[in-house]
Amino acid sequence: GYRTPVNLSDFDYSLPPERIAQEPAENRAGSRLFALDRARRDWRHRAFADLPGLLREGDLLIINNSKVIPARLNAAKDTGAQIEILLVEETANNAWRCLLKPGKRAKPGTELRLQAPDGRETNISAKVVDKNEDGQYLLEFRGTNNFLESIQSIGQPPLPPYIKRNFNDTGNSDKNRYQTVFARAPGSVAAPTAGLHFTPELLDSLRNKGIETAEVTLHVGLGTFLPLKTDDLSEHKMHSERFELSHATKAAINRAKSEGRRVVAVGTTSVRVLESVARDSGLPLQPANGRTDIFIRPPYDFKVVDALITNFHLPKSTLLMLISAFASPGQADGRGFILDAYAEAVREEYRFFSYGDAMLIE
């Protein structure tokens, strides 16, 4: 049999840098779709636009309606020194945990003045309150009654570090494309990227085929990109993220389950919500909201999700562990299947990570 993967190095693979997508596909549904069959251990190469023909009538598609906020902000100290602020999470009204770059000289009490993309000063200032052991700063913002509204015009999308942009050239294309068409609830500092491939037209054709959709909210935190600090996975402390599972979505899932229809999660974020609620309160699901720090890795028994649409994930990431668990539920051998599939995707020149192609695992 297969040993249970217990080390970070078990989830490494080599990726030529040119496979990392720097730009989104020309149109949203124009990506490729690598379709994996878990039971037969084989795969097919498809287009994302083929999805209505690949899913089954009666499937329930769960999408994450979290909206990415323009979390990258430029600021200056009164000395004129530039600092980039990356919002991480709101802790109170107008108070946010943030990363600062460079952060070395931002002592408590430091005042920062936010700037527009063209360098003009705005009326919004931030005061550094403290710094925690994770290197995150608590900032209090002043000069605005509605912080999230004010930063729409001055902030930039928080693209992941492997997508290269200058601060001022993240034009409107990223603002539009690093956001799903069903984004409604502001709070994410990274996009739930599997959802980026959907267009209103594709959603219509799925519904016309008898495929139902329902929404959850999970606000994606920066923890998604944090490197694991320990090689021993049992010692990894998972980041936590805010989520909500509504009464309507709970009812739709319980109905699908009782009728033997599949629940298809769009994205690992949707998986985290559903499996977290099932783990904590069992089936049938109850409505829930709170935080989840669920860490899904092989072997894992999935209670809700029957199929998954997801992008390609970073080497040694917790998301790669999650899909390795999903590739072979309850078993330890999914990792080999996923790494074989990833090697094939590299050979076939699929585009990787946030702006890249998608995978269907069923």
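Author: Setting aside neighbours within four places in sequence, Arg113 is in contact with Asn74, Ala75, Ala76, Glu121, Thr122, Asn123, Ile124 and Ser125, where contact means heavy atoms within 4.5 Å. This is a predicted model, in which local features need pLDDT of at least 70 and side-chain atom pairs count only at pLDDT 80 or more, while totals for chains, interfaces and linings use all residues. Residues are numbered from 1 along each chain as its sequence is written, and side-chain values use heavy atoms, with hydrogens and water left out.

Arg113 belongs to strand β8 (residues 111–115); strands (E, at least two residues) and helices (H or I, at least four) are DSSP runs, numbered from the N terminus. With a relative accessible area of 31%, Arg113 is partly exposed. The class lies between buried, under 20% relative accessible area, and exposed, over 50%, for a 1.4 Å probe and protein chains only. Ile124, one of its contacts, is 11 residues away in sequence and 6.2 Å away in space, C-alpha to C-alpha. A polar atom of the Arg113 side chain lies 3.2 Å from the backbone oxygen of Thr122. A polar contact is a pair of N or O atoms within 3.5 Å; within protein, one must be able to donate a hydrogen and the other to accept it, and residues adjacent in sequence count only if both atoms are side-chain atoms.

Another arginine, Arg28, sits in the segment before β1. Arg28 is buried and has no salt bridge, the nearest side chain of opposite charge being Glu201 at 8.4 Å. For charge, Lys and Arg count as positive and Asp and Glu as negative, with His and the chain ends not counted; a salt bridge is a side-chain nitrogen of Lys or Arg within 4 Å of a carboxyl oxygen of Asp or Glu. The Arg28 side chain reaches the backbone oxygen of Gln179 at 2.9 Å. Beyond four places in sequence, its contacts include Asn176, Arg177, Leu196, His197 and Phe198.

Nine strands form an open, mixed sheet in the order β2-β1-β17-β16-β14-β3-β12-β13-β15, and two strands pair if DSSP finds at least two bridges between them. Its edge strands, each pairing on one side only, are β2 (42–47) and β15 (288–292). From one strand to the next the twist averages 20°; axes are lines fitted to C-alpha atoms, for helices over the stretch in contact, and angles run from 0 to 180 degrees between N-to-C directions.

Within this sheet, β17 (residues 358–361) pairs with β1 (residues 32–37) in the parallel sense over four bridges, and with β16 (residues 307–311) in the antiparallel sense, also over four bridges. Ala358 is the bridge partner of Leu33 and stands opposite Asn311. Ala358 and Leu360 point one way from β17, Met359 and Ile361 the other, and all are buried. On the other strand pairings, β14 (residues 263–266) runs parallel to β16 over three bridges, with Val266 bridged to Ile309. Helix α7 (residues 318–327) packs on the sheet and touches β16 and β17, its direction making about 150° with that of β16. Since 10 of its 10 residues are buried, α7 is largely enclosed by the rest of the structure. Its cover includes α6 (268–281), β16, α8 (334–347) and β17.

Arg291 and Glu89 form one of them, at 2.8 Å from N to O. Arg291 lies in β15 and Glu89 in strand β6 (residues 82–92), so this pair ties together parts that are 202 residues apart in sequence. Arg291 is partly exposed, at 43% relative accessible area. Asp130 and Arg97 form a salt bridge with closest N and O atoms 3.2 Å apart. Here the link runs between strand β9 (residues 121–131), which holds Asp130, and strand β7 (residues 95–101), which holds Arg97, 33 residues apart. Asp130 is partly exposed at 28%, whereas Arg97, at 19%, counts as buried. Asp174 and Arg165 form a salt bridge at 2.7 Å, and both residues are buried. Salt bridges with shared partners also join Arg44, Asp59, Arg262 and Glu362 into one network.
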